[in-house]
Amino acid sequence: MTARLLLIGPPGAGKGTQAARLSQHFGIPAISTGDIFRQNLRDETELGLQAKAFMDAGDNVPDELTNDLVRDRLMQADCANGFLLDGYPRTTDQVRALDEFLGEHGVALDAVVELVAEPDVVVERLKKRALEQGRADDDENVVRHRLAVYAEQTAPLIDVYAERGTLTKVDGIGEIDEVTGRILDALSVRDLP
């Protein structure tokens with residue numbers, strides 16, 4: 001069985017944690033643009049250096065860079081039976097680029113899962129993560145800016161996917177196993193095991 005999934009939600013909603021669990025459950029790769037950008041930063045690649053200024057300010061990396069990176073990743077062999085996107089698309093232009101790519105390959109997203117979380121809960125989660133992992137992009141001011149950018153640029157995608165009938169909203173607050181269970185229950189309604 002193939003599964004092409006998108007996990008969407010504000011920064012700190014638990015997308016990375018749930019993406020890893022869903023990836024294992026479905027046997028598909030979890031593709032996180034954030035992880036790819038951070039790897040490029042560690043490796044000091046040209047893309048990483050270009051992305052660094054945007055990430056440090058809490059802004060999204062420009063669509064052209066992101067689209068190219070994701071397109072290249074989706075062409076890799078491990079994505080043949082599906083994938084889970086985490087953190088992409090974030091803008092309507094990225095939705096168009098993804099639609100174009102999927103259309104070229106005669107496939108579409110099976111489901112879009114929106115993890116819902118209150119902003120104040122997200123800020124507290126990310127402040128804790130900043131202390132535990134030493135991530136500069138989890139500073140409270142940067143997090144609040146990222147939430148504002150999310151609300152402005154990414155939240156409209158929820159309407160796009162809701163209109164298409166592919167969106168499922170799931171409460172992202174709670175114990176990790178509990179949230180995973182909610183997601184799997186919601187996906188089972190869409191005939192995804």
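Guide: In the protein chain, 73% of the contacts between residues at least 6 apart in sequence join residues at least 24 apart, a contact being heavy atoms within 4.5 Å. This is a predicted model, in which local features need pLDDT of at least 70, side-chain atom pairs count only at pLDDT 80 or more, and totals for chains, interfaces and linings use all residues. Residues are numbered from 1 along each chain as its sequence is written, and side-chain values use heavy atoms, with hydrogens and water left out.

Visitor: How many helices and strands does the protein chain have?
Guide: There are eight helices and five strands. Both are DSSP runs numbered from the N terminus, helices being H or I with at least four residues and strands E with at least two.

Visitor: What makes the protein chain as compact as a globular protein of that length?
Guide: Its radius of gyration is 16 Å, close to the 16 Å from the globule rule for 193 residues, so the chain is as compact as a globular protein of that length. The radius is taken over C-alpha atoms, and the rule is 2.2 Å times the number of residues to the power 0.38.

Visitor: Why is the pair D177 and R21 called a salt bridge?
Guide: The term requires a side-chain nitrogen of Lys or Arg within 4 Å of a carboxyl oxygen of Asp or Glu. In D177 and R21 the closest N and O atoms are 2.7 Å apart, so the pair meets the definition. D177 lies in helix 8 (residues 176–188) and R21 in helix 1 (residues 15–26), so the pair ties together parts that are 156 residues apart in sequence.

Visitor: Why is D177 called exposed?
Guide: Exposed means over 50% relative accessible area, buried under 20%, and partly exposed in between, with a 1.4 Å probe and protein chains only. D177 has 55%, so it is exposed. R21 has 31%, so it is partly exposed.

Visitor: Which residues are linked with R71 in a network of salt bridges?
Guide: R71 is linked with E100 and E104. Between R71 and E100 the closest N and O atoms are 3.6 Å apart. R71 is in helix 4 (residues 63–74) and E100 in helix 5 (residues 92–104), 29 residues apart.

Visitor: What separates E178 and R182?
Guide: They are four residues apart in helix 8, so about one helical turn separates them.
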